[in-house]
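The structure comes below, followed by the report.

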Amino acid sequence: GLDARFVSPWLARRDADSWAERPYAFGRDLGATFVRTTVSRSVIDLNRDPSGASLYPGQATTGLCPTETFDGEDLYRPGAEPGAGEIAERRTRWFMPYHAALAEEIARLRALHPRVVVYDCHSIRSAVPRLFDGQLPQFNIGTNSGAACDPALTAAIAGPCAESRLGHVVDGRFKGGWITRHYGRPADGVHAIQMELAIRGYLPEPERVDETNWPPAYDPDYAAPLVAVLRTALQGALAFARG
């Protein structure tokens, strides 16, 4: 298995969007549908261009089947990295079924409604010096520089984030991954937007992450202030979708 090929299974899980689905549990009350994966981004990143092209040319990033961590450490033991054939196999086994399910759900909803919102949930450690300077804002909203959704949707989501004063940015370091860029077709009634949360908002993030303290357990009380902001933002997205 892959565990024996990775430098350590923990290192392969460290960059995960830890518990990222938990702050959004209220979404079912709003009528949202969820498409999610349990496949580690260290195996295959479902938010990368399947061709392998970089989403952020000239900037440090990780690829479709990463061979290094966000911090630049080797994920695999020497000589154990996946080759082109294995990458193609992973794409067939995990990437394509996920995107088939997502595309099918978008098409189903678009047949019922004139507007559909694809809200892509992600999270990342607050400080990753190789990827960005200093501490990341709490709410990182990506719209592919405005190409993936109507400005009214951006405003509906960014407004509550700004009012929270926890820190937000639109199209900053993270402008939206392949999901936002691929599915966002505002002219066709499909509006995609990415939310990259700094993990500190919903998990007690230690200053130095190691195998003994990461990831922390999810505590609903700790996450409650952030969840309140997300609920308002998603209610705004729903109001936008209803036109």
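## Cysteines

How many disulfides does the structure hold? It holds zero, a disulfide being a pair of cysteine sulfur atoms within 2.5 Å. Cys161 is in no disulfide, and the nearest cysteine sulfur, which belongs to Cys121, is 12 Å away.

This is a predicted model, in which local features need pLDDT of at least 70 and side-chain atom pairs count only at pLDDT 80 or more, while totals for chains, interfaces and linings use all residues. Residues are numbered from 1 along each chain as its sequence is written, and side-chain values use heavy atoms, with hydrogens and water left out.

Cys161 is buried, at a relative accessible area of 1%. Cys65 also counts as buried, with 9% relative accessibility. Buried means under 20% relative accessible area, exposed over 50%, and partly exposed in between (1.4 Å probe, protein chains only).

## Nonpolar cores

In soluble globular proteins, nonpolar side chains tend to be buried together. A nonpolar core here is a set of buried Ala, Val, Leu, Ile, Met, Phe, Trp, Tyr and Cys residues joined through side-chain atoms within 4.5 Å. The largest has 30 residues, and Ile157, Met195 and Tyr202 have the most contacts inside it. At least two residues of this core come from each of α1 (9-14), β2 (139-142), α3 (151-164), β4 (190-198) and α5 (220-242). The most come from α5, which gives nine. Helices (H or I, at least four residues) and strands (E, at least two) are DSSP runs, numbered from the N terminus.

Leaving aside residues up to four places away in sequence, Ile157 touches Tyr119, Ile141, Ile193, Met195, Ala233 and Ala237, where contact means heavy atoms within 4.5 Å. A second, separate core has 16 residues, among them Cys65, Leu102, Ile179 and Ala192.

## Sheet and helices

Four strands make up an open sheet of mixed pairing, in the order β1-β4-β2-β3; two strands pair if DSSP finds at least two bridges between them. At the edges stand β1 (116-124) and β3 (168-170); each has a single partner strand, so one side of each lacks a neighbour in the sheet. From one strand to the next, the twist averages 20 degrees. β2 and β3 run parallel and are joined by three bridges. Ile141 stands opposite Val170 in β3.

Two helices lie across strands of this sheet. α3 lies across β1, β2, β3 and β4, at about 20 degrees to β4. α5 lies across β1, β2 and β4, at about 160 degrees to β1. Axes are lines fitted to C-alpha atoms, for helices over the stretch in contact, and angles run from 0 to 180 degrees between N-to-C directions.
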